[in-house]
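Open the model in your viewer and keep the selection panel at hand. The tour goes from one selection to the next and says what is there.

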Amino acid sequence: MSIDAVRAYFRSLGLADKIMEFPVSSATVELAAQALGCAPARIAKTLSFRTENDVVLIVCAGDVKIDNHKYKSRFGCKAKMLTAEEALEYTGHAIGGICPFGLKNPDIKVYVDLSLRRFASVFPACGSSNSAIELQPEELFFLARARDWVDVGKTKD
């Protein structure tokens, strides 16, 4: 799966040439920001959670973390992140390259946090630990087949 699935997805939309691959790791927000030469906040990180009955992905800005109170209000349960093994099993992408594109299970519910709307463009990963694509937040929402915009993040202190 991983970057090949993402590349195939974007190829079907005529966007595969927008994928950037780096000679260095972009597996963390900080490394991705260095590879791209942008502010860490513009990295659109994808976090994977288990709810009562589902797995959900939340794409948020690189400078936010999940606010447990907001998450529980929105999803009705405590935020419980998937393990690295579970994330790979459900998404087809390993930690460091998890993204909402080319998912192994296309029925996974994707949500985009409002924290990304403050930017003209953001950089989500593309299924590997050394890739990204530049998208406007609305493009990201559409291409990720997101279900809704959510407000579950808070700025890291």
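Start with isoleucine 58. Beyond its neighbours within four places in sequence, Ile58 is in contact with Lys45, Thr46, Leu47, Phe49, Ile66, Tyr71, Phe75, Tyr111, Asp113, Val150 and Val152. Keep in mind throughout that this is a predicted model.

Next, select the nonpolar core around that residue. The largest nonpolar core has 47 residues, and Ile58 is among those with the most contacts inside it, along with Phe10, Tyr71 and Phe101.

As a general rule, nonpolar side chains in soluble globular proteins tend to be buried together.

Now select threonine 46, one of the contacts of Ile58. Thr46 sits in strand β2. Is this residue buried or exposed? Its relative accessibility is 10%, so Thr46 counts as buried, the cut-off for that being under 20%. Show what surrounds it: leaving out neighbours within four places in sequence, Thr46 is in contact with Leu57, Ile58 and Val59, and also with Ile98, Cys99 and Pro100.

For a contrast, go to arginine 145, in the loop between α5 and β9. Arg145 has a relative accessible area of 59% and is therefore exposed. Check its backbone as well: phi of Arg145 is near 55°, a positive value in a residue other than glycine.

Finally, zoom out to the whole protein chain. It has 5 helices and 10 strands. The C-alpha trace spans about 40 × 30 × 25 Å along its principal axes. A compact globule of 157 residues would have a radius of gyration near 15 Å, so the 14 Å of this chain agrees with that. Of the 157 residues, 51% count as buried. Among contacts with a separation of 6 or more, 62% join residues 24 or more positions apart.

Switch to a surface view to finish. The chain exposes about 7,700 Å², and carbon and sulfur atoms supply 50% of that area. Colour by charge: there are 20 positive and 19 negative side chains, and the centres of the two sets lie 3 Å apart.

Conventions: Residues numbered from 1 in each chain as written. Predicted model: local features only at pLDDT ≥ 70, side-chain atom pairs only at ≥ 80, totals over all residues. Heavy atoms only, no water. Helix = DSSP H or I, 4+ residues; strand = E, 2+ residues; numbered from the N terminus. Rg over C-alpha atoms; globule rule 2.2 N^0.38 Å. Buried < 20%, exposed > 50% of the residue type's maximum accessible area, 1.4 Å probe, protein only. Contact = heavy atoms within 4.5 Å. Areas by Shrake-Rupley, 256 points an atom, 1.4 Å probe, with all protein chains shown as cover. Lys, Arg positive; Asp, Glu negative; His and termini not counted. Charge placed at Lys NZ, Arg CZ, Asp CG, Glu CD. Core = buried A, V, L, I, M, F, W, Y, C linked by side-chain atoms within 4.5 Å.
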